[in-house]
Amino acid sequence: MASLYANLKELHSLSLPNQSNVYSLAILEEMEQNGGDASDAALSELTNNRAKIVLAALRKPVHLFSFANRENDRNQPFPTDKEIPFTYIPHQAEIIAINGFYRPTDDGVQSSLIIGIAIIKPDESGGTKQYLNMYSEYDITEKDMKLESLALNCFSIELGFIPYQLSHWMLFQGNLQPEMVWLISGSDERLHLFKENRDSHTYEEVDIGPFFPELNRIFPSIVLWVDIMYDQQKHRRLVACGCECGKLLFFVTNVVNDLPNLENEYTEDFSSPITSVKFFETNKAPFPPPAILTQMNINKEVEEPLEASVNVIVTPSGSSSLVFRNVLHNGLTTRQKLPSSENFDVVTCCTVGDVTMDGIDEIILGTYGQHDPETVSQIFSERLANMLKYSQE
């Protein structure tokens with residue numbers, strides 16, 4: 001396994017012409033192929049059966065990044081990136097946040113791509129105006145269903161607050177049809193909900209109370225990050241909110257009925273802004289190592305899963321990052337500090353994934369530290385090697 005990391009090579013790097021932020025990167029999950037239809041083929045440029053990354057710089061451009069297969073060798077993917085010329089983003093405007101998803105159709109096949117971009121621009125009076133631009137494939141014929149066509153098909157909503165995190169979530173609620181909705185955290189210390197108007201094929205802000213009663217409030221400060229997950233039965237919704245003032249809020253809401261009911265609410269105070277929160281499970285069956293390890297005669301036994309639980313990562317900017325364990329049963333009473341997480345720069349984001357390729361997820365923290373492009377690859381390789389070392393201990 002160690003030799004695998006010794007042979008890691010950088011495949012691609014993308015330099016942005018100006019600054020970005022933690023809200024300006026989004027993952028577009030690959031489409032489900034449940035039989036498919038003509039629109040699936042028309043979207044091949046966007047999907048190619050792989051997840052894609054959309055990355056925006058503060059003052060543009062916006063890039064779509066993915067891996068494609070070589071025609072003569074499907075086991076040798078190569079990186080591709082393409083600039084997307086989104087319209088209705090003036091030269092003076094700044095991109096604050098970007099996100100996107102494939103809208104499920106009534107038959108369950110994901111076929112309609114929607115991308116949201118939150119921008120802020122100066123107005124004539126010397127102040128600013130904020131907008132949420134929605135780019136969708138509505139009213140685009142299958143023949144024209146390409147990146148350029150998507151970028152031109154814009155519906156813009158003026159916002160009465162400065163946007164922060166833009167996220168999308170599947171809304172499960174009693175016997176109602178599940179649907180994808182947008183959440184935006186604002187400078188007004190509220191979370192704003194945008195739902196689809198099926199008649200006009202647009203999104204509009206609606207009262208958050210009937211759908212997320214736990215979020216129908218003025219928060220102690222700006223919500224810098226929100227994460228949501230449901231239990232396996234889709235009976236309870238878990239929501240974690242990290243605030244600029246350092247307060248963590250955790251909610252458990254019963255969504256069995258058409259009117260959700262808040263069951264439990266927990267809070268915890270930290271001395272610095274909470275930059276990110278992330279739920280993850282330790283009851284998932286380990287997934288098998290990738291086929292490439294077998295081809296290289298590298299065999300590693302997959303460990304047994306830990307005791308079933310839902311956990312949440314919390315990253316205060318001025319102290320150690322923490323994991324609150326088994327939050328459905330313990331609330332926020334059982335915590336574990338991530339070793340050495342205070343030894344690096346300010347943590348700005350986190351995620352969970354199988355970086356060491358052993359079938360078990362690891363926690364990855366992103367920090368503010370800035371380095372020359374020549375040293376980034378070396379630093380990443382060193383930290384990846386350390387992660388592998390700790391995972392084997």
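The legends below describe several close-up views of one predicted model.

In this predicted model, local features need pLDDT of at least 70 and side-chain atom pairs count only at pLDDT 80 or more, whereas totals for chains, interfaces and linings use all residues. Residues are numbered from 1 along each chain as its sequence is written, and side-chain values use heavy atoms, with hydrogens and water left out.

**View 1. Overall composition of the protein.**
The protein has 6 helices and 22 strands, these being DSSP runs numbered from the N terminus, with helices (H or I) of at least four residues and strands (E) of at least two. Of the 393 residues in the protein, 44% are buried, where buried means under 20% relative accessible area, exposed means over 50%, and partly exposed lies in between (1.4 Å probe, protein chains only). The accessible surface comes to about 20,300 Å², and carbon and sulfur atoms account for 49% of this surface; accessible areas come from the Shrake-Rupley method with a 1.4 Å probe, and for residues only the protein chains shown count as cover. Among contacts (heavy atoms within 4.5 Å) between residues at least 6 apart in sequence, 54% join residues at least 24 apart.

**View 2. Strands E1 and E2.**
Strand E1 (residues 25-28) pairs with E2 in the antiparallel sense over 4 bridges, two strands being counted as paired if DSSP finds at least two bridges between them. Within this pairing, Ile 27 stands opposite Ile 53 in E2. Because 4 of the 5 residues of E2 are buried, this strand is largely enclosed by the rest of the structure. In a regular strand the side chains alternate between the two faces of the sheet.

The side chains of Glu 94 and Arg 59 meet in a salt bridge, with an N to O distance of 3.2 Å; a salt bridge is a side-chain nitrogen of Lys or Arg within 4 Å of a carboxyl oxygen of Asp or Glu. The pair links distant parts of the chain, since Glu 94 lies in strand E5 (residues 94-104) and Arg 59 in the loop between strand E2 (52-56) and strand E3 (62-70), 35 residues apart. Glu 94 is partly exposed, with a relative accessible area of 25%, and Arg 59 is also partly exposed, at 43%. Pro 61 lies in the loop between E2 and E3, and the peptide bond that runs from Lys 60 to Pro 61 is cis, with omega near 10°.

Asp 269 is exposed at 54% relative accessible area, whereas Lys 247 is buried at 19%.

**View 3. Two loop residues with positive phi.**
Most residues other than glycine have a negative phi, and most peptide bonds are trans. Lys 234, although not a glycine, has a positive phi of about 60°; Lys 234 is found in the loop between strand E13 (223-230) and strand E14 (236-243) and counts as partly exposed, at 35% relative accessibility. Asn 326 likewise has a positive phi, near 50°, and is placed in the loop between strand E19 (322-324) and helix H5 (327-330). At 15% relative accessibility, Asn 326 counts as buried.

The structure holds 0 disulfides, a disulfide being a pair of cysteine sulfur atoms within 2.5 Å. Cys 241 is in no disulfide, and the nearest cysteine sulfur, that of Cys 243, is 6.5 Å away. Cys 241 counts as buried, at 0% relative accessibility, while Cys 154 counts as partly exposed, at 21%.
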